Amino acid sequence: MKLAKAWFCKSPLCPMCNWRKTMKRSIQTTKIVEEVIRQKPKARWLFLTLTVKNVFDGKALDKSLKVMAQGFNRLMKYKKVAQNMIGFMRSTEVTVNKKDGSYNQHMHVLLCVESKYFKGAENYLSQEDWTSLWQKAMKLDYVPVVHIEAVKNKKRNQKREVTAIQVAVQETAKYSVKDSDYLTGNLVNDLEVVKDLEEGLYRKRMIAYGGLLKKVHKQLNLDDVEDGDLIRVDDEKLNEEEIAYSIVAQWNWILKNYFI
């Protein structure tokens, strides 16, 4: 079955829109990474996680996400980072700490670097180096939590035959914010959290490409994930011959459900 028509609100908190966006991110990033590997077969891949301290309201979340985006741009321009950088995909995720109600904003970054990155102290960046550079880029007065690991081209799950690069793509392309993470059933609390998240996520680009990955995205003529089409997420055109008939479901306001 293929989705023929729908009207999406594209709210950052909408479960349906987030589901479609995540599908689109995953498919597009897989295509981009495959093309980058074809063009740069000797390149190496890294998976980087960048964090900052939690915040407690929508206004602080809004400010923190803006500052993180600016800090990430500074990080990518540092000489030792840029000298071996081929490209990247950055996604921002926000989770809710259920113990104290704070918001944890962090970035997952899939990095493509030249093979010489692992050769010599003048090229290689340790976890301590990444931590120090992120602290500098963000102008923090504390040491942030940063994690970096090499994506090794081997199978992690033999049964499903999922490679390490596919795992990294899925992790980077996953939901920016999950409704199961912040909806508790406590109406008063849930409304407050939704209010904060709406304010914090308003007009934020939660996913971005840079370098060769950005160029390949353009070369492949891929649609924009945030503002583009969420019906045909795989970029395949709907074949009219495949449409045997249409099923229309209408919402019944009295019974609070869809009926065909």
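Six salt bridges turn up in this predicted model, a salt bridge being a side-chain nitrogen of Lys or Arg within 4 Å of a carboxyl oxygen of Asp or Glu. Side chains of opposite charge can pair when their charged atoms come close. Local features here need pLDDT of at least 70 and side-chain atom pairs count only at pLDDT 80 or more, while totals for chains, interfaces and linings use all residues. Residues are numbered from 1 along each chain as its sequence is written, and side-chain values use heavy atoms, with hydrogens and water left out.

Let's begin with Asp-223 and Lys-24, whose closest N and O atoms are 2.8 Å apart in a salt bridge. This pair ties together distant parts of the chain, 199 residues apart: Asp-223 sits in the loop between helix 8 (212-219) and strand 8 (250-252), and Lys-24 belongs to helix 1. Helices (H or I, at least four residues) and strands (E, at least two) are DSSP runs, numbered from the N terminus. Lys-24 is buried, with a relative accessible area of 0%, whereas Asp-223 is partly exposed at 27%; buried means under 20% relative accessible area, exposed over 50%, and partly exposed in between, using a 1.4 Å probe and protein chains only.

Next comes Lys-204, which forms a salt bridge with Asp-62 at 2.4 Å between the closest N and O atoms. Lys-204 lies in the loop between helix 7 and strand 7, Asp-62 lies in helix 2 (residues 58-77), and 142 residues separate them. Both Lys-204 and Asp-62 are buried. Arg-205, in that loop between helix 7 and strand 7, is 19 residues from Asp-224 in the loop between helix 8 and strand 8, and these two form a salt bridge at 3.2 Å. Arg-205 is partly exposed at 42%, as is Asp-224 at 26%. Shared partners also join Asp-62, Lys-66 and Lys-204 into one network of salt bridges.

On a 1 Å grid over the protein atoms alone, a pocket is an open set of points with protein on both sides within 12 Å along at least five of seven lines, and lining residues have an atom within 4 Å of a point. Of its 17 lining residues, Lys-10, Pro-12, Lys-21, Lys-204 and Glu-226 are closest to the centre. Helix 1 (15-39) and helix 7 (187-201) each supply at least two lining residues, and helix 1 gives the most, with three.

What of the cysteines? With a disulfide defined as a pair of cysteine sulfur atoms within 2.5 Å, the count is zero. The sulfur nearest to that of Cys-9 belongs to Cys-14, 3.7 Å away. For Cys-14, the closest cysteine sulfur is in Cys-17 at 3.6 Å, too far for a bond. Cys-9 is exposed at 55%, but Cys-14 is buried at 17%.

Finally, look at strand 2 (residues 85-96), which is largely enclosed by the rest of the structure because 11 of its 12 residues are buried. Strand 2 runs antiparallel to strand 3 (residues 103-113), joined by 11 bridges; strands pair if DSSP finds at least two bridges between them. The two form a hairpin with six residues between them, and Gly-101 in the turn has a positive phi of about 75 degrees. Strand 2 also pairs with strand 7 (residues 207-211) in the antiparallel sense, over five bridges. Ser-91 stands opposite His-108 in strand 3 and opposite Ile-207 in strand 7.

Terms used
On a 1 Å grid over the protein atoms alone, a cavity is a set of points where a 1.4 Å probe fits but cannot get out, and a pocket is an open set with protein on both sides within 12 Å along at least five of seven lines; lining residues have an atom within 4 Å of a point.
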